[in-house]
Amino acid sequence: MNLPEPVPMNYSTLLSDIEKGLVKIPQFQREFVWSRDKVAGLLDSIVKGYPIGTFILWKTKEELRSIRNLGNAKLPSTPKGDFTNYVLDGQQRLTSLFAGLKGLKIEREGHEENYAEIFIDLTATDFDQIVIADVDEHPKGTYIKLTDLIDGGAKLYKNFPEKFHERLDELRDRVRAYTFSAVLVRETPIEIATEIFTRLNVGGKPLSVFEIMVAKTFDAGKTFDLAERYKKLVGELAEVDYETISAETILQTLSCILVGECQKKHILGLKKGDVVAGWDQVVDAIRSAVDYFRTSLHVPVSKILPYNALVVPFAYFFFHFDKKPVGKRQQYLQDFFWRAALGARYSFALESKLAQDIKRMERIVKEKLPDYDYTIDISPKFILENGYFTTSRSYVKAILCLYASRRPRSFSNDAAVTLNNDWLKQGNSKNYHHFFPKAYMEKSNPDVSWDLVNNVVNITIVDDYLNKREIRAQPPSKYMHKFAGENKKLEETMRTHLIKLDQYGIWEDSFQRFIKKRAGWISRELQKRMISRAEDGKQALNFEDLDPAEVETAGTS
């Protein structure tokens with residue numbers, strides 16, 4: 001590897017190289033320019049000859065995604081055959097300098113900032129702030145725009161008293177003569193260049209793998225821009241309520257499909273040509289995976305998906321099997337989903353587990369049943385002991401997926417309940433309702449543990465109006481009696497929520513009976529969706545065997 005070397009650059013060379021496309025800013029970060037006040041402070045240091053830090057430049061013929069325009073300045077592509085010097089450290093300073101010295105207008109934080117409005121105070125000494133952004137309190141004729149000072153010729157002097165002429169010359173010469181400190185890293189691989197960038201920016205926001213891959217895979221000739229492709233994909237997924245699939249998951253999917261592994265080193269090692277060539281097929285596989293979740297597993301929104309990472313193995317399957325899975329393949333896929341969801345599969349060591357699960361998907365493609373090295377407990381007792389309701393836990397999300405797969409209907413009119421990602425971000429979502437309301441339980445059953453009241457077994461999926469205005473803190477017997485008069489199909493409606501009105505203690509407001517019976521039905525429904533194995537069966541418990549005393553203590557273990 002070539003060692004970094006110091007390369008001092010003067011003012012005119014640096015600006016000229018930016019305007020020629022020889023020095024470019026890779027688009028690693030979103031905010032590129034400081035406020036006018038902060039830029040004025042930086043330029044004040046230059047006027048006074050103070051050091052402003054070292055720019056780290058990476059010299060390469062690789063083409064990265066970089067800033068094409070900076071406000072009203074069009075930044076050209078690097079001339080063909082020339083090296084580009086990408087700024088690895090000093091992006092904020094360099095773009096801010098360029099904006100201030102060229103007087104650009106740039107959209108910043110929702111408004112247009114005019115960097116031509118930076119001035120030199122001709123009355124200031126070197127102990128004062130010479131470069132300023134506000135001249136409201138300065139008399140006319142005592143200040144000059146920085147851009148006018150730099151670019152103005154002999155005619156400039158006639159606008160100012162003679163006592164300022166020498167000062168004008170001095171300050172202009174200081175700017176033009178300023179030497180910037182730079183270090184050049186020559187022709188190293190992008191992985192090393194971005195590692196340098198990351199280490200240099202330890203005090204700021206770390207550079208993500210996605211940001212590196214956006215820069216690395218940019219191909220102007222093939223109009224491939226990973227950031228734009230991802231944005232387009234998210235737009236498509238938003239139309240089916242799956243827009244929360246992250247960029248990280250997309251890269252893991254891409255890497256698993258292309259090389260069978262998805263650790264950071266594998267993703268960064270992907271070749272640009274392979275990513276560009278394979279992108280469309282990988283995206284098709286992701287679409288198929290999402291379609292499978294929605295139509296075969298009936299998980300209508302991504303917010304209740306136990307893990308984003310489930311997209312990876314399922315997309316891998318559909319990349320290698322582009323037909324609708326039926327028969328054994330369908331059974332094996334469904335079994336895989338519920339085992340991963342209920343088994344906290346991706347809670348740690350994600351990348352290595354995805355690599356293992358890719359092998360399992362290869363068996364399913366061949367219509368062979370995979371082996372699993374972990375067991376699943378879906379007994380009613382385990383559900384009650386481990387179902388504390390929070391939308392951050394995969395086990396709870398899996399049960400929410402079960403509820404959603406039943407296509408729940410409104411208590412009041414049997415209409416389909418609409419689920420929305422925006423409503424499902426937290427446990428107090430508009431769609432989540434405690435069937436035995438929390439306020440009612442606190443008042444009428446204060447001895448029941450809060451963990452049991454707030455168990456997912458006591459959660460139903462309803463619409464906002466029903467939850468907040470119709471039910472509130474009423475006991476189930478009261479609000480369900482009201483709905484019985486409005487909804488002639490109420491018994492059938494409640495079955496979509498895994499609740500039997502006449503058997504689950506609803507009319508008697510029996511929380512213990514309700515929680516026991518519903519936990520049993522949830523357990524049986526999960527059993528239907530999984531392929532029974534002896535190691536799982538050892539943990540099974542028939543719902544009728546659950547002792548009432550165990551129900552009372554289940555939420556506290």
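Buried means under 20% relative accessible area, exposed means over 50%, and partly exposed is what falls in between, using a 1.4 Å probe and protein chains only. By that rule, Pro437 counts as buried because its relative accessibility is 4%.

## What you're looking at

This is a predicted model, where local features need pLDDT of at least 70, side-chain atom pairs count only at pLDDT 80 or more, and totals for chains, interfaces and linings use all residues. Residues are numbered from 1 along each chain as its sequence is written, and side-chain values use heavy atoms, with hydrogens and water left out.

The protein has 24 helices and 15 strands; both are DSSP runs numbered from the N terminus, with helices being H or I of at least four residues and strands being E of at least two. Of its 557 residues, 54% count as buried. Contact, here and below, means heavy atoms within 4.5 Å. Take the contacts between residues at least 6 apart in sequence: 75% of them join residues at least 24 apart.

Helix H2 covers residues 36-47. Just after H2 comes Gly49, with a positive phi of about 80 degrees.

The buried residues of H2 are Val39, Ala40, Leu42, Leu43, Asp44, Ser45, Ile46 and Val47. Their packing partners include helix H3 (91-102), helix H5 (165-177) and strand E13 (179-186).

How do H2 and H3 cross? Their axes come within 10 Å and cross at roughly 85 degrees; axes are lines fitted to C-alpha atoms, for helices over the stretch in contact, and angles run from 0 to 180 degrees between N-to-C directions. That makes H2 roughly perpendicular to H3, going by a scale on which angles under 35 degrees are roughly parallel, over 145 roughly antiparallel, 65 to 115 roughly perpendicular and the rest oblique. Val39, Leu42, Leu43 and Ile46 of H2 meet Arg93, Ser96, Leu97, Gly100 and Leu101 of H3. By class, this contact has six nonpolar, two polar and one charged residues. Here Ala, Val, Leu, Ile, Met, Phe, Trp, Tyr, Cys and Pro count as nonpolar, Asp, Glu, Lys and Arg as charged, and the others, Gly among them, as polar.

Next, H9 and H11: their axes come within 10 Å and cross at roughly 110 degrees, which makes H9 roughly perpendicular to H11. On the H9 side you'll find Ile250, Thr253, Leu254, Ile257 and Leu258, which meet Asp274, Val275, Trp279, Val282, Ala285 and Ile286 in H11. The contact of H9 with H11 has nine nonpolar, one polar and one charged residues. Gln252 also lies in H9 (residues 247-259), and at 2% relative accessibility Gln252 counts as buried. Not counting residues up to four places away in sequence, Gln252 touches Cys262, Ile267, Val312, Leu350, Glu351 and Leu354.

H11 (residues 272-295) packs with H12 (residues 311-320) too, at an angle of about 115 degrees and with the axes 8 Å apart. That makes H11 roughly perpendicular to H12. Among the residues making the contact are Ser288, Tyr292 and Phe293 of H11 and Phe314, Phe318 and Phe319 of H12. The contact of H11 with H12 divides into eleven nonpolar, two polar and no charged residues.

## Helix H13

Helix H13 (residues 327-342) has 16 residues and reaches 23 Å from first C-alpha to last, close to the 22 Å expected. Just after H13, Ala344 takes a positive phi of about 50 degrees.

## Two loop residues

Back to Pro437, found in the loop between strand E14 (432-434) and helix H17 (438-444). Pro437 and Ala473 are 36 residues apart in sequence but 5.5 Å apart in space, C-alpha to C-alpha. Leaving aside neighbours within four places in sequence, Pro437 is in contact with Ile471, Arg472, Ala473, Gln474, Pro476 and Tyr479.

Asp463 sits in the loop between strand E15 (459-461) and helix H19 (464-471). With a relative accessible area of 22%, Asp463 is partly exposed. The C-alpha atoms of Asp463 and Val417 are separated by 5.8 Å, while the two residues are 46 apart along the chain.

Terms used. Expected span 1.5 Å × (residues − 1).
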